[in-house]
Amino acid sequence: MSRVRLRPLTSADADLLNLWQKPPYVGEFNRFGMPARPVRVNEDRGALIVELVADGTPIGSVSWHAVMYGPNPESAAMNIGINLIPDWRGQGLGTEAQLVLAEMLFATTAVNRIEAMTDVENVAEQRSLEKAGFRREGVLYGAQFRGGVWHDIVVFSMVRRAVPTIGQA
Ligand SMILES: CC(C)(COP(=O)(O)OP(=O)(O)OC[C@H]1O[C@@H](n2cnc3c(N)ncnc32)[C@H](O)[C@@H]1OP(=O)(O)O)[C@@H](O)C(=O)NCCC(=O)NCCS
């Protein structure tokens with residue numbers, strides 16, 4: 001049983017989401033020096049609040065967007081992202097939230113592939129993805145420009161047939 005669940009954003013979350021786009025709430029690997037933007041949600045992308053099952057405390061957010069690997073709808077994958085606020089990191093909750101999100105996307109969309117990408121220096125996210133059952137695929141060299149320099153990015157994936165159950169990852 002997961003300790004976290006995902007819930008839709010409401011207009012009451014606007015101030016919280018604006019705050020979470022600023023340091024120190026947003027993780028160092030998610031800081032692109034861009035102004036805070038409204039969260040966009042449509043059929044190709046979405047975002048949800050991560051909250052504690054125990055008492056509904058909001059602890060961060062997850063998001064996803066479609067990535068095409070061919071012109072047909074079957075070749076769409078979902079690329080996911082996560083940001084927990086600092087107080088709630090390092091307790092396994094990010095791992096659970098990413099697995100809950102993957103299970104939700106497999107259950108509610110037709111995608112066969114869910115992927116996640118993170119900086120080669122973001123050891124916590126790499127470990128978290130591995131614990132959630134994602135498979136490390138390789139490195140995209142010089143792919144992401146952040147903080148004035150190009151960064152290498154690691155790609156992870158989970159395909160539909162390999163979704164683990166929480167606790168078995
Ligand atoms: C990345 C993030 C989602 C991970 O979730 P989390 O709940 O904090 O992570 P977990 O506690 O499940 O696991 C973290 C793992 O990384 C390890 N870890 C953390 N920092 C580490 C470091 N600097 N070096 C080595 N290992 C590290 C932990 O030991 C743990 O592994 P373990 O369970 O085997 O001991 C969360 O920390 C977060 O939101 N960070 C800020 C935003 C971010 O970086 N998002 C991803 C960006 S692309």
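The views below show a predicted model.

**View 1. The shell of residues around the ligand.** The ligand is surrounded by 21 residues. Gly90, Gly94, Thr95, Arg127 and Lys131 are the closest of these. Sorted by class, the shell contains 11 polar, six nonpolar and four charged residues.

View 2. Four elements each give at least two residues to the shell around the ligand: strand S4 (76-84), helix H2 (93-108), strand S5 and helix H3 (123-132). H3 provides the largest share, with six residues.

**View 3. Backbone atoms and ligand oxygen atoms.** For leucine 84, a backbone N or O atom is 2.7 Å from an oxygen atom of the ligand. Glycine 90 likewise has a backbone N or O atom 2.7 Å from a ligand oxygen atom. For leucine 93, the distance from a backbone N or O atom to an oxygen atom of the ligand is 3.3 Å. On its own, the ligand has 950 Å² of accessible area, and the protein covers 69% of this.

View 4. Tyr69, Met117 and Leu140 make a nonpolar surface patch of about 270 Å². Methionine 117 belongs to strand S5, which runs over residues 113-119. Why can methionine 117 be called partly exposed? Its relative accessible area is 33%, and partly exposed residues are those between the limits of 20% for buried and 50% for exposed. Membership of a patch requires over 30% relative accessible area, so methionine 117, at 33%, passes that cut-off.

Methods
Residues numbered from 1 in each chain as written. Predicted model: local features only at pLDDT ≥ 70, side-chain atom pairs only at ≥ 80, totals over all residues. Heavy atoms only, no water. Patch = residues over 30% accessible without salt bridge, like charges linked within 9 Å, V, L, I, M, F, W, Y side chains within 5 Å. Areas by Shrake-Rupley, 256 points an atom, 1.4 Å probe, with all protein chains shown as cover. Salt bridge = Lys/Arg side-chain N within 4 Å of Asp/Glu carboxyl O. Buried < 20%, exposed > 50% of the residue type's maximum accessible area, 1.4 Å probe, protein only. Near = heavy atom within 4 Å. Polar contact = N/O pair within 3.5 Å; in protein donor to acceptor, adjacent residues only side chain to side chain. Nonpolar A, V, L, I, M, F, W, Y, C, P; charged D, E, K, R; others polar.
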